[in-house]
Amino acid sequence: MKNKSKLYVFLLAIVAAVTLTSCDELFNMEYKIVGSWQVAHTYLNGEAVDSCEYIGYSPGTYYYLYADHVMSVRTYYNGEYRESTFGTYILDQKAKTLEINYSIYGRRYHFIADIDRLTKKDLFIEFTDQYGDHWRLEMFTRSN
């Protein structure tokens with residue numbers, strides 16, 4: 001009987017360890033994505049651009065992602081800082097996609113991007129807009 005109880009305790013410890021480890025992996029992407037990100041490089045159809053009519057994608061634009069799936073976007077345009085009026089994001093960890101939805105300077109941005117790279121320091125996403133243009137945004141963290 002003692003051997004059975006030791007076996008049950010041992011199996012319970014293994015199950016708890018596996019469960020806690022998988023939870024850590026599940027929330028790992030969520031913890032990495034929360035923070036402030038600055039667009040450093042923008043690519044339109046494979047070519048680097050330093051400015052574009054879509055100010056939300058321009059280099060220098062800041063994306064602030066909060067833990068409750070709310071976001072804001074801030075950019076410098078025509079000598080003034082512009083900030084989004086609303087913004088949300090949804091992180092699909094299984095598909096490794098990021099759905100972004102916000103409005104800034106009279107234009108609505110809504111896209112689902114593939115996450116190419118996500119670390120504590122950088123976030124690279126790629127998506128195709130409704131006009132068939134392929135975008136790649138390389139962002140680096142501005143959070144500590």
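Colleague: Which residue in β7 stands opposite G87?

Modeller: Happy to walk you through this predicted model, in which local features need pLDDT of at least 70, side-chain atom pairs count only at pLDDT 80 or more, and totals for chains, interfaces and linings use all residues. Residues are numbered from 1 along each chain as its sequence is written, and side-chain values use heavy atoms, with hydrogens and water left out. Strands (DSSP runs of E, at least two residues, numbered from the N terminus) pair if DSSP finds at least two bridges between them. Antiparallel β6 and β7 are joined by seven bridges, and the β7 residue opposite G87 is Y102.

Colleague: Which residue in the β6 and β7 hairpin takes a positive phi?

Modeller: Four residues lie between the two strands of this hairpin. The positive phi, near 55°, belongs to K96.

Colleague: Is C52 buried or exposed?

Modeller: C52 is in the loop between β2 and β3. Beyond its neighbours within four places in sequence, C52 is in contact (heavy atoms within 4.5 Å) with Y57, S58 and W135. Its relative accessible area is 19%, so C52 is buried.

Technical notes:
Buried means under 20% relative accessible area, exposed over 50%, partly exposed in between (1.4 Å probe, protein chains only).
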